[in-house]
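Me: I have a model open and would like to learn how to read it. Could you walk me through it, one feature at a time?

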Amino acid sequence: MKFKLYFAPGACSFVPHAMLQIAGADFEPVMVKLHKGEQNSPEYHAINPRGQVPVLVVNPESESPVALTQIVAIISYLNDVFPSAQFLPIEPLAKARAMSTLAWMNNTVHPTFTHIFMPQKFTDNATIHGDLGAFNRKLYAAQLAELNAMVEAKNAREALYLLGSKLSPIDLYCLTLTRWGGMAGVDPTTHNAALWGHIQMVAAHPAVAEVVARERLQLNVYQPS
Ligand SMILES: N[C@@H](CCC(=O)N[C@@H](CS)C(=O)NCC(=O)O)C(=O)O
């Protein structure tokens, strides 16, 4: 089976990008330059009318390729298609708990950052963009602290990854959200030490390191103001 993944460097699409690499999937990564607005072009809207990454195209060379959007759905699909990667637990309750964390990351933490990075998506009143950013920076810092506590708890259990011995999409999403923290004013080296240590370990996984290099990511993007 072949795939095409539309991704943007450093965006949430990192999660499926790394999963495809870890699984050894036959896929073509296609870069979308969000800063140039490529996601709003008619060509890209023909692929995803919502103008966002990621999009996973299944069987892109076939007569009926299927474009799948939404990270949580893509994660669930890749978990089913690549069972040997053991991305998610098999036991129903453990799997549901993993999905619960992923849903929270995707529907709460991720949009909190969007309020900081793209306030224009939430109000066209530019005079309140600063306030929106400031308020959501505080929320985001608290959410990263929650992730840090999750990592501390898994360290106390002496587990390698957040779900145990296997690298999961939760660890990958942690990497993305922690990087974004740098842009939101949270220095990962002085806050959330456990989380910072964890994402460096995740980034050193050979398949993840390949994707970090392909997307040319720097893990710490914090710049003091
Ligand atoms: N809920 C969506 C969120 C996707 C999303 O927010 N993508 C961002 C990048 S992290 C994007 O494409 N932003 C460009 C835009 O909205 O213009 C998902 O899970 O796929």
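Reply: We will go from the overall fold to single residues. This is a predicted model, in which local features need pLDDT of at least 70 and side-chain atom pairs count only at pLDDT 80 or more, while totals for chains, interfaces and linings use all residues. Residues are numbered from 1 along each chain as its sequence is written.

Me: Gladly. How many helices and strands does the protein have, and in what order do the elements run?

Reply: Helices (H or I, at least four residues) and strands (E, at least two) are DSSP runs, numbered from the N terminus. Here there are eight helices and four strands. Starting at the N terminus, the order is β-α-β-α-β-β-α-α-α-α-α-α. The radius of gyration is 17 Å, close to the 17 Å that the globule rule gives for 225 residues, so the protein is as compact as a globular protein of that length. That radius is taken over C-alpha atoms, and the rule is 2.2 Å times the number of residues to the power 0.38. Along the principal axes, the C-alpha trace spans about 50 × 45 × 30 Å.

Me: What share of the residues count as buried?

Reply: The test counts other C-beta atoms, placed from the backbone, within 10 Å of a residue's own: 20 or more is buried, 12 or fewer is exposed, and in between is partly exposed. By that test, 33% of the 225 residues are buried.

Me: Which strands does E1 pair with, and in what sense?

Reply: Two strands pair if DSSP finds at least two bridges between them. Strand E1 (residues 2-7) runs parallel to strand E2 (residues 26-31), and six bridges join them. Along this pairing, Phe3 has Phe27 as its bridge partner, and Phe7 stands opposite Met31. To get from E1 to E2, the chain passes through helix H1 (residues 14-23) in a right-handed β-α-β crossover. Right-handed means that, with the strands pointing away from the viewer, the path from the first strand over the helix to the second runs clockwise. E1 also pairs with strand E3 (residues 55-58), this time antiparallel and over four bridges. There, Tyr6 faces Val55.

Me: Is H1 mostly covered or uncovered?

Reply: Mostly covered, with nine of its 10 residues buried. Among them are Phe14, His17 and Leu20. The buried residues of H1 pack against E1, E2, E3, helix H3 (71-81), H6 and helix H8 (206-214). Just after H1, Gly24 has a positive phi of about 70°.

Me: Why does Phe7 count as buried?

Reply: Phe7 counts as buried because 24 C-beta neighbours lie inside 10 Å. Leaving out residues up to four places away in sequence, Phe7 touches Ser13, His17, Pro29, Met31, Val32, Val53 and Pro54.

Me: What should I look for in backbone angles?

Reply: Most residues other than glycine have a negative phi, and most peptide bonds are trans. In this model, the peptide bond from Val53 to Pro54 is cis, with omega near 0°. Pro54 sits in the loop between helix H2 (42-47) and E3. Glu158, which is not a glycine, has a positive phi of about 60°, and Asn192 has a positive phi near 55°.

Me: Where do Glu158 and Asn192 lie?

Reply: Glu158 is in the loop between helix H5 (129-156) and helix H6 (169-183). With 6 C-beta neighbours inside 10 Å, Glu158 is exposed. Asn192 is in the loop between H6 and helix H7 (193-204). With 24 C-beta neighbours inside 10 Å, Asn192 is buried.

Me: Finally, which residues come nearest to the ligand?

Reply: A residue is near a molecule if its C-beta atom, placed from the backbone, lies within 6 Å of it. Of the 13 residues around the ligand, Ala11, Cys12, Gln52, Val53 and Ile71 come nearest. The shell divides into seven nonpolar, six polar and no charged residues. In that scheme, Ala, Val, Leu, Ile, Met, Phe, Trp, Tyr, Cys and Pro are nonpolar, Asp, Glu, Lys and Arg are charged, and the others, Gly among them, are polar.

Methods
Contact = placed C-beta atoms within 7 Å.
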